Amino acid sequence: PGPLAADKVVLIPKNTGTSDIAEILRREGIIAQPFLFEIYALLNRQRGQLKAGEFAFKARTSIDGAIDTLVEGRAILH
């Protein structure tokens with residue numbers, strides 16, 4: 001489980017690379033270790049498939065869960 005204590009919405013801008021996404025998620029408290037996020041995305045061939053948008057992350061989401069949210073593009077629609 002990740003460090004996020006409560007559900008949170010985070011905006012990932014268009015044309016944001018994996019490293020920058022990892023840093024945004026760290027800064028927002030979704031993940032604790034951006035390097036592990038990048039390695040996991042690379043090893044699972046998810047790098048380059050992470051989508052931009054406004055995403056809702058559940059409390060205690062794991063790195064795997066965060067990547068799934070970004071790859072599947074489960075963005076919040078307004």
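Phe35 counts as exposed because its relative accessibility is 59%; exposed means over 50% relative accessible area, buried under 20%, and partly exposed in between (1.4 Å probe, protein chains only). The model is predicted: local features need pLDDT of at least 70, side-chain atom pairs count only at pLDDT 80 or more, and totals for chains, interfaces and linings use all residues. Residues are numbered from 1 along each chain as its sequence is written, and side-chain values use heavy atoms, with hydrogens and water left out.

Phe35 lies in helix H2 (residues 34-43); helices (H or I, at least four residues) and strands (E, at least two) are DSSP runs, numbered from the N terminus.

Pro34, Phe37 and Ala41 are the buried residues of H2. Viewed down the helix axis, these residues fall within an arc of 55°, so they line one face of H2; the arc is that of the directions from the helix axis to the C-beta atoms. Their cover includes H1 and H3, where contact means heavy atoms within 4.5 Å. Phe35 and Leu43 are exposed on the other side of H2. After H2 comes Arg45, which has a positive phi, near 55°.

## The nonpolar core

The largest nonpolar core contains 18 residues, and those with the most contacts inside it are Ile12, Leu25, Ile30, Phe37, Phe57 and Leu70. Such a core is a set of buried Ala, Val, Leu, Ile, Met, Phe, Trp, Tyr and Cys residues joined through side-chain atoms within 4.5 Å. At least two residues of this core come from each of strand E1 (8-12), helix H1 (18-27), H2, E2 and H3.

Apart from neighbours within four places in sequence, Leu25 contacts Val10, Ile12, Ile30, Ile31, Phe37, Phe57, Ala66 and Leu70.

## Salt bridges

The count comes to 2 salt bridges, each defined as a side-chain nitrogen of Lys or Arg within 4 Å of a carboxyl oxygen of Asp or Glu. One joins the side chains of Lys8 and Glu28 (3.0 Å, N to O). This pair links distant parts of the chain, with Lys8 in strand E1 and Glu28 in the loop between H1 and H2, 20 residues apart. Lys8 is partly exposed at 29% relative accessibility, and Glu28 is partly exposed at 27%.

The side chains of Glu23 and Arg26 also form a salt bridge (2.4 Å, N to O). Both residues lie in helix H1, 3 residues apart, about one turn of the helix.
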